[in-house]
Amino acid sequence: MKGKLVIVMVGLPARGKSTMGRKLSRTLELDGVKTSIFNNGDLRRKMSSENTSSSTFFSPDNAEGVAFRERVSSLNLEKARDFLEQGGAVAILDASNVTRSRREKIRTTFPETPHLFIECLNADDEALEANLERKVELNEFSHLSKEEALASFLRRIAYYESIYEPLDVEPNRILVDSFESCILQEQVSYEVPYYDRIRDILTTRVVRNLFLVRHGETFYNLEDRIGGNSELTDKGQEQARALAEHFATQRIPIIFTSNYTRTLQTAEPIVARQNHCSVIALPEFNEIHAGLCEGMTYREISEKMTHVARARRLNKYRYRYPEGEGYKSMEERVHRGLKKVFYLNNYDENIMIVGHRAVNRVILSMFLSRQEEEIPYIYMPQNRYYHIQINPHRRIFELIPFGTSLG
Ligand code: F6P
């Protein structure tokens, strides 16, 4: 079958396979390539009236569980075959597919169609941990406490590890680090349709809708004081409520905040207004640490620490507060925060970050091409947010007002 392809995702649970699969599917569809995902986990949940989340269900010694999962896999293979026969171009098989025998079964089901195996690894323990925390929020674990669910999921992973056979004999294979979005190894033995495009998609950041918001007004803001962990004023809380109203008709599945109270308080009314919305607080998005100047007003700094005010004026981007940070020195941690966001958001179409003035400037600069000296002066108001969209066809940055009377 010319122009047809079977993509087989491979990897332990929670390694970013589904996110990668969705990114591939969505982007190929935008290119006009008819693509569909066949996810064994989703089908397993639909096919069984009982809860199949218990770790023993996944034990290789549980004959019933093994047989059930084989039936799920066979059914998805049939569905994928029908899809390709009825005009579909790319079928993505999203499951762990960790054994050679399972992969061989897939190959023999599609003898005429080229295959590409994509193995997802994630060597970043922190990101993996955060991903596990999200997984245990799924409905299938709702009968367990968080600790029980986590323990059960870890046992499930251990079962998969015990039978794991990494890719080696498969003729076409790519090993991807799904956290870093980079290709670690690749081997292609014959022509694979859309191969270059797939490589691009695996390694390029596509942002469908990123809403970059600054927290509402705080007591420190009123006094022009920097740093600290101040709370929102009444006006700040009103801004947060206006934001929640503004997003009432858009689905926001996760809000990424910093660890500071002001960003968490700004997220609260949005979480309350949405159906299912969780908050992930990332230390990488904490505001610039002003070191010895934490808690001071700008005026106090220019009066009592003249050298700081002067040096900062000369090169605000590269300047570092004594015993604190600067814009340049925040780049690495903020970049790491963004990688976590993309790894954890499941390639959902909407992402929201509630951050701070300096940190949001750095986030924005990672998408905009701006001279570094301009970055510390990017406009970052508390009654507007940036809507960012980046795909191969367009790059849009819009500053959108909400609660217009709350400037
Ligand atoms: O809102 C105040 C604040 O977030 C401070 O905590 C931070 O030091 C400052 O803004 C960053 O802005 P600038 O780099 O322009 O001083």
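Predicted model: local features only at pLDDT ≥ 70, side-chain atom pairs only at ≥ 80, totals over all residues.
A polar contact is a pair of N or O atoms within 3.5 Å; within protein, one must be able to donate a hydrogen and the other to accept it, and residues adjacent in sequence count only if both atoms are side-chain atoms.

Residues are numbered from 1 along each chain as its sequence is written, and side-chain values use heavy atoms, with hydrogens and water left out.

**Stop 1: the two domains**

Select 5-203 for domain 1, then 207-406 for domain 2. These bounds come from an automatic or database domain assignment. The C-alpha centres of the two domains lie 35 Å apart.

**Stop 2: the interface**

Show the contacts (heavy atoms within 4.5 Å). Here 23 residues of domain 1 touch 15 residues of domain 2. The buried area is about 1600 Å², with 52% from carbon and sulfur atoms. That area is the accessible area (1.4 Å probe) that two parts lose on being put together, summed over both.

Now select Thr19, Arg134 and Phe179 in domain 1. They lose the most area to domain 2, together 35% of what that side buries.

**Stop 3: charges across the interface**

Four salt bridges run between domain 1 and domain 2. Each is a side-chain nitrogen of Lys or Arg within 4 Å of a carboxyl oxygen of Asp or Glu. Select Glu126 and Arg336: their side chains form a salt bridge at 3.4 Å, N to O. On the domain 1 side, helix H1 (17-30) and helix H5 (125-135) each give two or more residues. Helices are DSSP runs (H or I, at least four residues), numbered from the N terminus.

**Stop 4: the ligand**

Select the 13 residues around the ligand (a heavy atom within 4 Å). Glu287, Tyr298, Arg312, Lys316 and Tyr327 come nearest.

- Tyr298: 2.5 Å
- Arg312: 2.7 Å
- Lys316: 2.7 Å

**Stop 5**

The whole structure holds 32 salt bridges. One of them joins Glu300 and Arg225 at 3.5 Å, N to O. Glu300 sits in helix H11 (residues 298-304), and Arg225 in the loop between helix H8 (219-223) and helix H9 (234-246), 75 residues apart.
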